[in-house]
Amino acid sequence: MKYPELSMGTMEAIVNKLGGMDGVRRFLAEYFRETGEFTVQIPALVRPTLTELQEKYPWIDRIESDTSPTEAVRLELGTVLRPDEERIDSKEYQLRRAPLAGRLHGYQQLVWLVKNQDEHPAFKALLGLIYIDGPGMVVVRADGSRYFPYLDEYGRRWGLHWDGAGGGLSRGGRLAASGK
């Protein structure tokens with residue numbers, strides 16, 4: 001054995017930490033696959049405050065989490081679907097994107113993309129073909145429902161919208177994440 005100090009108890013603790021055997025399979029499979037459709041360098045951006053968000057979206061009660069990057073990053077589009085999958089449900093989507101914490105983009109990166117879309121023809125060419133999730137930020141309404149920002153077609157331009165955090169991912173969905 002390569003690691004003789006690795007006991008069965010330690011192995012069991014690792015499996016438990018990864019969420020059981022399904023978690024081990026996810027960890028070993030490394031689900032995030034860059035699609036190669038578009039990458040862009042995004043400058044350092046400050047996370048929005050709750051007050052700033054509420055000025056534009058008064059329905060937001062609180063920010064549940066925001067792990068989106070604040071440093072300059074290279075945005076990559078990718079998916080956590082296997083090539084043979086058309087869709088995954090909410091639970092599976094959350095499990096597969098969990099290892100990407102800290103790499104998932106959020107509100108400020110998506111706003112930057114919307115504002116700068118005319119400078120990136122390759123990005124504009126994807127309009128109407130895909131949607132882009134930014135689950136690096138999750139906000140909550142007063143009723144407890146959770147949302148994250150996403151980009152989709154808004155007329156003939158990209159627009160920022162909010163999607164229920166309890167949704168899954170379909171073939172046309174992409175995750176906005178930072179490159180490794």
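Tutor: Q109 counts as buried because its relative accessibility is 1% (buried is under 20% relative accessible area, exposed over 50%, partly exposed in between, with a 1.4 Å probe and protein chains only). The model is a predicted one, in which local features need pLDDT of at least 70 and side-chain atom pairs pLDDT 80 or more, while totals for chains, interfaces and linings use all residues. Numbering runs from 1 along each chain as its sequence is written, and side-chain values use heavy atoms, without hydrogens or water.

Q109 belongs to helix α5 (helices are DSSP runs of H or I with at least four residues, strands runs of E with at least two, numbered from the N terminus). A polar atom of the Q109 side chain lies 2.7 Å from the backbone oxygen of P69. Leaving aside residues up to four places away in sequence, Q109 touches I42, L45, S68 and P69 (contact means heavy atoms within 4.5 Å).

The largest nonpolar core has 27 residues, among which L113, I132 and W162 touch the most other members (such a core joins buried Ala, Val, Leu, Ile, Met, Phe, Trp, Tyr and Cys through side-chain atoms within 4.5 Å). Two or more of its residues come from each of β1 (33-42), β3 (73-79), α5 (107-115), β6 (137-141), β7 (146-154) and β8 (157-164). Helix α5 supplies the largest share, four residues. With the sequence neighbours up to four places away again excluded, L113 touches F38, V40, I42, L75, F123 and L151.

Note on methods:
A polar contact is a pair of N or O atoms within 3.5 Å; within protein, one must be able to donate a hydrogen and the other to accept it, and residues adjacent in sequence count only if both atoms are side-chain atoms.
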